[in-house]
Amino acid sequence: MKPLLERLKSEVLLLDGSMGALLQSRGLPAGYAPDLWNLERPSDIQNVHAEYVDAGSDIILTNTFGSSRLRLREYNSEDRIGEINRAGVELARRASRGRAYIAGDIGPSGTTIAPFGDLSFDDAIEIFREQAHILLDAGCDLIAIETMFDIQEMRAALIGVREAVGNRIPVMALMTFNTDGITDSGSDPETAASVLEGFGVDIMGLNCSVGPEAMVPVVARLGQTTNTYIAVEPNAGLPLHQDGRTIYPANAEEVASFAPKFVEGGANIIGGCCGTTPDYIRILARTVKRIPPISRPTPNLLKISSRTKMTLVGTGVPFLIVGEKINPTGKKKFSEAIAAGQTDLIVAEARKEMEAGAHALDVNVGVPLVNEAEMMDKAVTAIQNVVSLPIVIDSSYASALEAGLKIYPGRALVNSVNAEDERLEEVLPLIKRYGASVIALVSGDDIPEKASDRLKNAEKILKRALDLGLTPRDIIFDTLALTVSAVQEAARQTLETIRLIKSELGMPTILGLSNVSFGLPSRKLIHDNFLAMAIGSGLDAAICDPYDLVLHQTVSSASVFAGRDPDCRSYIKKAESWAAPDGSSAPKIRSEPNRPLTTVEEIRQAIIEGERDSIDSLVRRALAEGESPFTIFLDYMTPAIRHLGDLFGQRVKFIPHLIAGADTMKKGVDVLQPYLEVQGPVEKKGTIVFATVKGDIHDIGKNICILMLRNFGYNVIDLGRNVPLETILDAAETNKAEIVALSALMTTTMMQMKTAIDTIRERNLPYKVMIGGAVVTTKFSEEIKSDGYGKDVGEVVPLAEKLIQIFSKDRVKV
């Protein structure tokens, strides 16, 4: 067959549809691992593949979605990882008979990646690397990573897969988005695309979670932000329960009717996920394959991103202000806090810089005799919980850069590399491995005086980067602003360097602004005027003081002339906030700062923002100020965690924020516990036995719910995942539970919830049953007659409170 990527230039290709739906019709038990049938019922797996190939699928996914070592461990089959994955590829190959490409399918790990979970980033990389290596050796044509909701886990998967397969076969990476076009970890399509582009994926896109209608705008947004090939696999609507079975409401014709819109938005590959069948693929083969893919422009701008926000850098887009204040140089208290391993001041500065109008934050934690790698890890973790801005990881040590890159759930900008061979060799491979971008100083062993020599250094760096597999969109050049009071000609050469790099290389540029005015009076006047000249020469970004109002005015006014502000809209909007009360153009006098928060108010804020490192000292300070431990817990901590749940329900905060906030509260409660016990313990509100049902190994949502419930005073018995019904009922009896809480993420395991409810009713057991999970709906809950359904983590506490009250009333009646 013609190479896959060659065909995608001129054809729309078809993936297959659901494997689980067809296996269930062949007798796959609810909750049983489909992957094990590669060895136990191979003919059924091969026949399903053959049905899709006969229907018109150009690409078929191996039955290995849950075949990583970690997931197979749930079925005591981790030692058979090689057999299961090799059999998966072989069965697909036999069914294809050369008519379809074989995609080695890799699903999520089933657990949460650090810092919000127990699985370390390095261990996650190894889990994905191992499976990808087996699939490659077995002869698959591409690797498909799919159904990822967390961009950090996707990063680990891409690193592991790339280490296993290199560039020998294409890599496809698919995320899951909700109906609002955002993942459960808070990434929108543009942000996700920026991260995936950093890793050089060949195909990106989305699958599962929602039906085709909700996927249309996500595909369109991806098509507008990237020229990478796009794949889309919708569900056949949201699952329903009918006559004891899980069904999907949309028929093949309904799902297929959205395919032309997918192509119009930029899709190159279309398939189906849960509930779709060969009939759906057959319709696509008659219709969509006749439509050529649309052409999309090649992006030429640098992209940096946090978990939730992507920012463009380059010609024609808004000038980038990088806050410079998270840096201990010349700051005694800041240095002392870093030396003590504290992040309080770092977090406070990050918040202030964001509020002052910074677009990204430079993070430098270099203090003598401090383990900079460990501190960079802590700082980046703490900052990402509080601000949504992209981070610039700044260190002269490669170990610190790597520590920050590992923990950072976005596309970081690294500060920096230069033309020295040693520095190039230690930094550029990190940029490549972690999908980052980098600031490249146009210096070598020294700083050239002439712009032409600085350009030569830039060309050297660019060539080395391209040889390593990086692209021009991964680099921004720092043209070096030297002290004008010492060498006036150097400033002119800096401006000329900006112009040369823009004209000769077509690359973005950045400066560290403050250096230029060193040693002169009225320093802000000097560097703000220099900034205007630099923007006029083509400068795209500056590392600078975001608290300087005149700097913001300079950037806005210069951007009008530099073609960065169409119709002057941004300038006019900002100028309204600068106007003096008398209507003149003089800047407003800075208003007085807001009232400082009281200690208990700071506790509330720390929980909402997930500031783990500050909560211990804040609680101790509040106690020292005479606050009652019960007041702290009931009047500040509890409302804070409830408010965080409300923000999650409003899609303002996301799963990482919930985990960080709940963990912060737990640490605060640990400090309060001895004091609460002296005054009398906080009354436990009830006992809940919580489990992920038999056959389901996903427990991320369950774990967050448990954290929330425990913080509200519930005694929660966590039975883990893949739990048999009798184990759940035994635990409920032993612990005298009022509530049994059940979670499921897979359509194949949903019916375990009905079995549990039916059994509890048949045995006349007193427990109230509440259910939840990504595939669970209100209608399903009503159909199986559960006592309550929690749509998300924000609803779990109010639901538990309601069910405890009902339980108590029922017991009184008895």
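1. **The open sheet.** In this predicted model, 8 strands form an open sheet with parallel pairing. The order is S1-S10-S7-S6-S5-S4-S3-S2. Strand S1 (13-14) and strand S2 (59-61) are the edge strands, and each pairs on one side only.

2. S1 pairs with strand S10, residues 269-270. The two run in the parallel sense and share 2 bridges.

3. How many residues of strand S7 (residues 229-233) are buried? The count is 5 of the 5, so S7 is largely enclosed by the rest of the structure. Tyr229, Ala231 and Glu233 point one way from S7. Ile230 and Val232 point the other way. Residues of both sets are buried, Glu233 among them.

4. **S7 and its partner S6.** Strand S6 (residues 203-207) runs parallel to S7, and 5 bridges join them. Isoleucine 203 stands opposite tyrosine 229 in S7. That tyrosine is one of the buried residues described in the previous point.

5. **Threonine 191.** This residue lies in helix H9, residues 189-198. Is threonine 191 buried or exposed? Its relative accessibility is 0%, so threonine 191 counts as buried; the cut-off is under 20%. Leaving aside residues up to four places away in sequence, threonine 191 touches Ser305, Ser306, Arg307, Thr308, Lys309 and Met310.

6. **The barrel.** Apart from the open sheet, look for a closed one. Here 8 strands close into a barrel, again with parallel pairing. Their order is S13-S14-S15-S16-S17-S18-S19-S20. From one strand to the next, the twist averages 25 degrees.

7. Strand S13 (residues 320-326) and strand S14 (residues 360-363) run parallel, joined by 3 bridges. Which residue of S14 is the bridge partner of glycine 323? The partner is leucine 361.

8. **Helices H18 and H19.** Helix H18 spans residues 421-433, and helix H19 spans residues 451-467. Their axes come within 11 Å and cross at roughly 40 degrees. The crossing is right-handed. H18 contributes Asp421, Leu424, Glu425 and Leu428 to the contact. H19 contributes Lys460, Ile461, Arg464 and Ala465. By class, the contact has 4 nonpolar and 4 charged residues, with no polar ones.

9. **Leucine 634.** Helix H26 (residues 629-649) holds leucine 634. With a relative accessibility of 44%, leucine 634 counts as partly exposed, because that class lies between 20% and 50%. Leucine 634 and aspartate 730 are 96 residues apart in sequence. In space, their C-alpha atoms are 33 Å apart.

10. **Threonine 687.** Strand S21 (residues 687-692) includes threonine 687. At 10% relative accessibility, this threonine falls under the 20% cut-off and therefore counts as buried. What does threonine 687 touch, not counting residues up to four places away in sequence? The contacts are Asn715, Ile717, Asn735, Lys736, Ala737, Glu738 and Ile739.

11. **Helix H28.** This helix covers residues 700-711. Its 12 residues should span 16 Å at 1.5 Å a residue, and the end C-alpha atoms are 17 Å apart, which agrees. Buried residues in H28 are Ile700, Lys702, Ile704, Cys705, Ile706, Met708, Leu709 and Asn711. Note the lysine and the asparagine in that list. Glycine 713 follows H28, and its phi is positive, near 95 degrees.

12. **Helix H30.** Residues 751-762 make up H30, a helix of 12 residues. From first C-alpha to last, H30 reaches 16 Å, close to the 16 Å expected at 1.5 Å a residue. Its buried residues are Met751, Gln752, Met753, Ala756, Ile757, Thr759 and Ile760. What follows H30? Asparagine 764 does, with a positive phi near 55 degrees.

Terms used:
Residues numbered from 1 in each chain as written. Predicted model: local features only at pLDDT ≥ 70, side-chain atom pairs only at ≥ 80, totals over all residues. Heavy atoms only, no water. Axes fitted to C-alpha atoms, helices over the stretch in contact; angles between N-to-C directions. Helix = DSSP H or I, 4+ residues; strand = E, 2+ residues; numbered from the N terminus. Left-handed = near helix turned anticlockwise from the far one by under 90°. Contact = heavy atoms within 4.5 Å. Nonpolar A, V, L, I, M, F, W, Y, C, P; charged D, E, K, R; others polar. Buried < 20%, exposed > 50% of the residue type's maximum accessible area, 1.4 Å probe, protein only. Expected span 1.5 Å × (residues − 1). Pairing = 2+ DSSP bridges.
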